[in-house]
Amino acid sequence: MTSLREAQRIRSGSNSLLAEAGVDDSHEQLFEDGVALTEQYKDTRTELDGLSTAISKLRRAVELMPKDHSDMALRLSWLDHSLWSHFKRTGDLQDLDEAISMEHRALELTPEGHPDMPVRLANLGTSLWSRFEHTGDIQDLAEAILAKQRALELTPEGHPYMALRLNGLGTSLHSRFEHTGDLQDIVEAISMKRRVVDLTPEGHPEMAKRLANLGTSLHSRFDRAGDLQDLAEAILAEQRALEPTPEGHPDMPVRLANLGTSIHSRFERTGDLQDLAEAISAEQRALEITPEGHPVMALQLANLGISLWSRFERTGDLQDLAEAISRERLALKLTPEGHPKMAVRLAALGSSLWSRFERTGDLQDLAEAISAQQRALDLTPEGHPDMALRLNGLGTSIHSRFERTGDLQDIVEAISMKRRVVDLTPEGHPDMSLRLANLGNLQDLAEAIPAQQRALDLTPEGHPDRALRLAGLGSSLWGRFELTGDLPDIAEAISADQRALELTPEGHPYMPAQLRNLGIALHSCFLRTGDIHDFTEALSKYSTSATSTFGPPDIRLQAAKDWAGLLEEHNPGSPDILTAFDTAIRLTTLTTTLDQVLENRYSRLVDTSGVALQAASAAFALDRVDKALEWLEQGRCLVWRQLTSLRTPLDDLRRHDGHLADRFLELSKTLEGAGSVRIASRSEMSMSQKVSLEDQARIHVRSAREWDDLLVKIRATPGFERFLEPSPWYSLLPYLPEAGHAIIINVDARRCDAIVLSAGRSTPHHIPLTSFSLAKCNQYRQDLKAQLQIYDYRDRGHTVAIDPEGGDESRTVTRFKHRKNEETVVQGILRGLWQDLVKPILQTLEIQKIPSSPTTLAAAPRIWWCPTGPLSFLPIHAAGIYTAEGAECALDYAVSSYTPTLAALVDRVRSTRPIQMVVSGLFMTCQPRAAGGSHIPGTTAEVQSIYDLATKNGLRVERFDGSAITPATCLDSMEKFSSIHLACHAYQDATNPLESRFLFHNGSLDLFSILQRNLKDADLAFLSACQTGTGSEKLPDEAVHLAAGMLAAGYRRVVATMWAIRDQHAPHVATDFYQYLLDHRDPAYNGSGFDGTHSARALHHATQQLRIRLGNDSDESLLAWIPYVHFGF
């Protein structure tokens, strides 16, 4: 643009012309005022209103001046100059468009040979280049270069503006190089910019800017040609540019950012983390001093996002990735449609989202990554130098989708893209090796290995990616060995993996994967050759990978499982099996951390389901019952344990350090709220909504990090060393229920076992279940599912008919009826459970039959069943023989309850305290016509019957029916009453249990809302709804059901159901249940008090009464009373 000096020259040179012209005083005065105000703005850079006034006056001066006046070109130039200044301050493209129009008109009026021709050409070139920078219009760039070239040609050697014009043309040539990739343009640009620096004397105020411009061009040539000398010179130039730049200078942010970008590029070649730290520091400082609304803000955010992503890739720190995505989303939000940088910013966001998908498995991240990368590709014109880069990123993400979905079209498309990437990459390009390696990773082994070998050959020694190339080649050679058995292949694979390991720096997140890859290759070689050295080395690599303190926990978990599996297969007596599984259990907890929302935690647990059961099986084989018990407690119900830890009583900690307790409570609430957020579809979200969502995710990750740090601080406090650590098994013993046995049953493919903990016994009692098996368990589960469908006792998702007159008999969301051929199998299932599972346990414990007398139930022994795996879906409490000959069942021997873990039971025993009389009582509601559910009229009769019974016995009771209550008022009542009875429909959400809810006429009552309330006096919850005690088949050991949720909310005992219950039976069961409780009330209660201490016996009694009423033990009758189950103390 016109420099201040050139502008002053124009103004000075015009004085005589004005005097000679004798133009009208009005437009002359307007012109003089406009020039003065423009000069004033240039002096202060603050009077934007004055500059706007200058533009108005200059516009009016041009309008009033005769079209053929000799000074018209001069006045057009000054108007252009004022508009340009306004554009530079505001970024308003309308100002720029008008400025360019003025420049074109001024040039048309400027004769050849006129002394102002070069400056006007230069000004036009600068304006056109700026418009290209904002719109990407290549025609503007071409015209800008032509104008600048002509301006330079008209500038004589030694002219004071020679450096200025060389710099402007060099900048435009650089822009064209970025758009076309033509190396000649960047060579010319650098040559011109070097000459500019040479022409600029030391101390010149423009020296810093010119050094910075030279650094930018050198960096761009490095990106294209890979010459480290260019990068070194770029960094030196950018550092020199920063030295004379004072604090507060408007160019300081850009110069810091450019230096950060160059140092980041050096990190990418050297892998030196110090470089990356310096780059991020420079970019963060640049962002901090960039004023809000500044046009470069988006660029600063984008650059910092890329560097933070790089640090995540190097260290695996999710905080960096969350920050990167947040910055990249905000950069995109600030980037207008049509901006030439839109494609590169979309591609960067896509890469970061793909990285998060790889770490967390969140398919929404992958879908959004593909969408962003596809859009980036669509915005990239054919022939653009970044086309190969865009194709490579999109191909990688589509390949990841293939690995999750198995859609063959995806792998075909990914390979096609990667092939095109290689075809578009010129020989000698620094990224050729990477692109060949990526193609090799997707292709058939016959094509992959040569591509990967060539990629390795093109990767110089010392390059930070050489380890990855070697690892990729090693994996392909191992794959070919697995197919052909060719020993040279496995020898080469081991050699490549060993070399990759040697080149991977200590602490690199890829180290555990490299170790595991080498372990797998050695393992395969051992299986083929039997060489004990390979066996020993494979174990060493697996164990080192598993016990690493860095790298993704899921990779380390796989290594731990490999380690344990190799020992179990080839050295089954080794005590190292215990160490391997100890490591695996610890790593299982690290895959589902508090920085993830619940939905993602459960999704991740699907991949690790069963590890605790396998570990326990190994411990039983080694006669380590204590270890089996420890692992079954620590490796199951992980998410509920996390939620419980967030609600830990803090009385002791508060007495010691109130500040720590307050911060713990604050973080607990933050993490509980952040974790329960429902994952919404992002496809319809605006960019502002996505930015807000990412900010929430970033705060979530940061809070989780702070939580971990806070735990370290608390555990460093004397007396709190084991704060929130899993309790050792022996700590459970003092708090076991006095009259009964807690029995955890492990079901694994190799063996099945029970562990019994009994009050007064100092050691766990191990009972091998030699006749039971995982295969039997799975068969029983499938057979039971079939019977439930036949008799319309459906699992969630199955449907039955609704009788418009009488209502639906089952309390679940229903639509239509279907029946299959009836087949009697339930008695066979129950007999199998009895003979192979329950009876051997009862016999070992020497539990005798309960005498058949109304008074003996009160003294019957209690059993708390804690099943694992698919056994969680089977009715252990009803196991027995139900045929006339030899009939007996579990109900004849004990009163059964269930518990998700033994610790959950012990916690309830430990926290037992008298119920305050002010809250002792029963609150109940029925919801017969809730939206989304069928009509269940029996709920009204059920609640009426209980209410009548309660009032008759003087019980403190409250009742609301249907629309008379809202979820919010229900919550208020739950705080006022120790016991609740909910007769309604229920919905269980297996992906996010806190979204599980009870359906009301006026909305729904979700578990998260219940957990938010202070239910310190909660005692008994009777959930008279369907499937409230049924978990997720994918996560049988996570107790993903409403009954467990109510226990987590603070209730000591819960009555729930394993499948749908009949509407006509439910009122009778409930009435018999409460009648028993009232008949056995503690005399200490003075009439109105109530508690659920005897709730397990009451349910035992009520279901037996239903069994008597049904009159037979047919499958349909059995399925009617068996689903009622008791959880808790």
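Start where two helices meet: K776, Y780, D783, L784 and Q787 in α35 touch V826, I829, G832, L833 and D836 in α36, a contact being heavy atoms within 4.5 Å. Sorted by class, this contact of α35 with α36 has 5 nonpolar, 2 polar and 3 charged residues. Nonpolar here covers Ala, Val, Leu, Ile, Met, Phe, Trp, Tyr, Cys and Pro, charged covers Asp, Glu, Lys and Arg, and the others, Gly among them, are polar. This is a predicted model, where local features need pLDDT of at least 70 and side-chain atom pairs count only at pLDDT 80 or more, while totals for chains, interfaces and linings use all residues. Residues are numbered from 1 along each chain as its sequence is written, and side-chain values use heavy atoms, with hydrogens and water left out.

How do the two helices sit against each other? Helix α35 (residues 774-790) packs on helix α36 (residues 826-845) at about 155 degrees, with the axes 9 Å apart. Those axes are lines fitted to C-alpha atoms over the stretch in contact, and angles run from 0 to 180 degrees between N-to-C directions. The pair is therefore roughly antiparallel, the word used for angles over 145 degrees. Helices and strands are DSSP runs (H or I, at least four residues, for helices; E, at least two, for strands), numbered from the N terminus.

Now jump to helix α42 (residues 1066-1079). Most of α42 is covered, with 10 of its 14 residues buried, meaning under 20% relative accessible area with a 1.4 Å probe, protein chains only. Among the buried ones are F1073, Y1074, Y1076, L1077 and L1078.

Next, find G1128 in strand β16 (residues 1124-1128). G1128 is buried, at a relative accessible area of 2%. Leaving aside residues up to four places away in sequence, G1128 touches R862, W864, S897, Y898, L905, L1047, R1052 and R1053.

Finally, zoom out. The protein chain comes to 44 helices and 16 strands, and its C-alpha trace spans about 125 × 75 × 65 Å along the principal axes. Of the 1129 residues, 56% are buried.

Notes. Angles under 35 degrees count as roughly parallel, over 145 as roughly antiparallel, 65 to 115 as roughly perpendicular and the rest as oblique. Buried means under 20% relative accessible area, exposed over 50%, partly exposed in between (1.4 Å probe, protein chains only).
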